[in-house]
Amino acid sequence: MSRDDSGPVAAKGLSGWRLALVGLLLFAPATIPYLVHALPRTDRTLPTGYIVYDMALYAGKGREHFDSGTFHPTYSNPCDWSYGEPRVYFQPLFLAIGAVREWTGLDIGLILVGAWILSGLLCTGVAIALYRRVVGLRTWSERLGLVVFFWGGGLLVAMGAFWFLGLKRTVPTARELFAFDPIDGWWFMSFGRNLIFPTEAFYHALFLGCVLAAIGRRFALSVALAALAAISSPFTGVELLSVLWTWCFVEVVFLRRPGLGVTTGYFAAITAVFGLMLGYYLGFLNLFESHRIVARQMSLDWGYNAVQFVPAYALVGALAAWRLRDGSRALAACANPETTLFLAWAAVAFALSNHEFAITARQPIHFTRGYVWIPLFFLGAPVLVGLFDHLGGRLRRPWGGLAAGLVLLLFLNDDLAWLARFPLRYDVPRANQDLRISPEQREVLGRVSGPEFRGHTLLSEDPTISYLCITSTPMRSWDAHPFETPDLASRHAEIVRLFAEGTPDDRWAGLPLVVVRERRPGAATDSWLAARHALPILSNDRFEVFQVPAP
């Protein structure tokens with residue numbers, strides 16, 4: 001295979017069942033958090049299927065299409081207590097999750113796990129196809145490069161070790177080792193970890209599929225996938241369309257290479273989709289007060305800085321810089337539209353993930369998710385494959401194999417260390433992000449999951465029950481997700497006041513309610529519940545549950 005920069009590689013090699021087996025092996029590490037989540041714990045808590053807190057919200061949004069008893073193609077915010085809020089949202093993945101739950105009656109946490117498997121395998125297949133198109137899979141060097149593409153990273157663990165061992169002279173804990181990996185490693189600075197989330201796996205499948213279609217000049221398919229990404233996620237949609245628009249602008253306005261670059265029709269279609277997306281998210285949705293409140297709550301300066309992104313992108317950035325290290329090599333590389341796409345992708349993604357320097361921050365770190373790392377990897381992939389070729393062909397065995405293995409380990413060290421924490425620390429309290437519940441909490445949620453509770457509002461002293469209400473029952477909760485509940489601070493204060501002082505909010509007077517309180521004698525809510533003719537419907541070792549009819 002020629003590794004010059006004159007054009008795309010006609011990549012063949014692995015195919016059929018061998019390629020499918022490679023895909024399964026590459027996907028396998030993503031199962032580790034779920035397998036550990038399912039293990040029994042000494043605290044007797046039970047798995048929910050949600051390996052991170054936010055996953056329950058996705059399930060709740062899926063239920064919203066059906067919880068009223070009538071199917072609706074769009075949904076309203078399930079974290080808003082009011083059932084009268086307009087249904088202005090749509091995400092195809094959430095709709096699919098809700099539909100499967102409606103048709104099968106299966107536990108929605110289990111359905112979400114199934115959605116993760118399908119999305120993860122789809123993303124794996126698309127990622128392999130893109131790698132095969134750009135790099136190839138015929139030689140062992142190219143196949144080692146595929147492993148790096150999936151589970152390679154940077155020097156974040158090395159940075160953590162250096163900081164604590166070298167500078168602070170202390171042995172880092174497992175958490176301190178990832179001190180420079182944003183949000184304890186859960187923001188996925190490279191590609192592979194995104195296979196762990198059903199949403200991110202789905203979004204990345206759309207993103208990578210759109211890019212694959214674009215460089216293959218299948219422009220209609222690329223536009224369709226870009227539109228699907230736009231309605232699936234505002235972050236992924238804006239990022240993908242910004243990348244494609246920038247690439248098209250450079251190709252059409254400056255480079256002007258008919259038959260090789262993009263067409264003006266594709267540029268116009270991407271511009272139209274981008275305009276419609278911005279009109280929906282920035283125009284239409286902002287017509288609604290509840291959405292504006294949530295948008296303000298979500299406009300957080302969650303970013304990252306140089307001590308995080310430099311080690312995260314150091315390895316792939318060095319490969320890309322070496323490939324483009326002088327003007328002649330850079331010009332030769334840019335003769336290929338693939339290269340200009342990856343350059344536009346890297347520049348736009350990095351700008352979006354640091355946009356707090358220019359505009360109001362809206363969680364800049366949401367634009368990472370490997371979207372900066374991936375184009376840098378592809379820009380430097382010929383150098384990496386050439387390095388593996390050199391080590392395998394010019395060094396005497398076994399030294400060549402050992403050297404190649406060390407290079408591979410250098411690239412894989414971040415993800416290997418991060419994934420190793422799950423089985424090693426699965427029974428350590430608060431060591432994982434997964435959402436687990438006690439048998440008593442599960443009993444409460446099961447008791448109020450029937451259709452007779454449609455239209456009720458949950459007031460719960462237990463925050464986990466309050467949140468999981470939107471996934472396990474047809475009800476709304478007064479105090480649900482921390483960022484998607486409108487006016488969360490005041491809502492939470494009203495819940496605290498009810499159970500501490502027995503003082504209800506005036507808006508509850510006309511609502512049918514379900515009240516969940518901790519089991520204790522002489523509770524402050526006793527007189528209020530009696531005045532509302534509350535009916536006790538469950539009592540276990542920890543909770544008391546009451547159904548409160550509307551007047």
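Helices (H or I, at least four residues) and strands (E, at least two) are DSSP runs, numbered from the N terminus. The views below show a predicted model.

Figure 1. D184 sits in the loop that runs from helix 7 (156-167) to helix 8. The phi of D184 is positive, near 60°, and D184 is a residue other than glycine. Most residues other than glycine have a negative phi. The relative accessible area of D184 is 9%; buried means under 20%, so D184 counts as buried. F188 also lies in the loop between helix 7 and helix 8. F188 is not a glycine either, yet its phi is positive, at about 55°. With a relative accessibility of 0%, F188 is buried.

Figure 2. H366 belongs to the loop between helix 15 (337-352) and helix 16 (373-394). Is H366 buried or exposed? H366 has a relative accessible area of 17%, and under 20% means buried, so H366 is buried. Leaving aside residues up to four places away in sequence, H366 touches W187 and F235. A272 is 94 residues from H366 along the chain, and the C-alpha atoms of the two are separated by 24 Å.

**Figure 3. Helix 9 and the helices around its buried residues.** Helix 9 covers residues 219-232. At 1.5 Å a residue its 14 residues should span 20 Å, and its end C-alpha atoms are 20 Å apart, so the two values agree. Which residues of helix 9 are buried? They are F219, S222, V223, L225, A226, A229, A230 and S232. An α-helix has 3.6 residues a turn, so residues three or four places apart point the same way. The buried residues of helix 9 pack against helix 4 (92-104), helix 8 (198-215), helix 10 and helix 11 (264-284).

Figure 4. Helix 10 (residues 234-255) contains 22 residues. From its first C-alpha to its last, helix 10 reaches 30 Å, close to the 32 Å expected at 1.5 Å a residue.

Figure 5. Five strands make up an open sheet with mixed pairing, in the order 4-3-5-7-6. Strand 4 (476-477) and strand 6 (535-539) are at the edges and have a single partner strand each, so one side of each is left without a neighbour in the sheet. Helix 19 (residues 463-472) packs on this sheet, where it touches strand 3 (457-460), strand 4, strand 5 (513-518) and strand 7. The direction of helix 19 makes about 160° with that of strand 3.

**Figure 6. Strand 7 and its pairing partners.** Strands of a sheet pair through backbone hydrogen bonds, either parallel or antiparallel. Strand 7 (residues 543-548) pairs with strand 6 in the antiparallel sense over four bridges. Five of the six residues of strand 7 are buried, so strand 7 is largely enclosed by the rest of the structure.

**Figure 7. The setting of the close-ups in the whole chain.** The protein chain has 21 helices and seven strands. Its radius of gyration is 26 Å, close to the 24 Å given by the globule rule for 551 residues, so the chain is as compact as a globular protein of that length. The C-alpha trace spans about 85 × 55 × 45 Å along its principal axes. Of the 551 residues in the protein chain, 53% are buried. Among contacts between residues at least 6 apart in sequence, 71% join residues at least 24 apart. The accessible surface of the protein chain is about 23400 Å², and 66% of this surface belongs to carbon and sulfur atoms.

Definitions and conventions: Residues are numbered from 1 along each chain as its sequence is written. This is a predicted model: local features need pLDDT of at least 70, side-chain atom pairs count only at pLDDT 80 or more; totals for chains, interfaces and linings use all residues. Side-chain values use heavy atoms; hydrogens and water are left out. Two strands pair if DSSP finds at least two bridges between them. Contact means heavy atoms within 4.5 Å. Axes are lines fitted to C-alpha atoms, for helices over the stretch in contact, and angles run from 0 to 180 degrees between N-to-C directions. The expected span of a helix is 1.5 Å times one less than its number of residues. The radius of gyration is taken over C-alpha atoms; the globule rule is 2.2 Å times the number of residues to the power 0.38. Buried means under 20% relative accessible area, exposed over 50%, partly exposed in between (1.4 Å probe, protein chains only). Accessible areas come from the Shrake-Rupley method with a 1.4 Å probe; for residues, only the protein chains shown count as cover.
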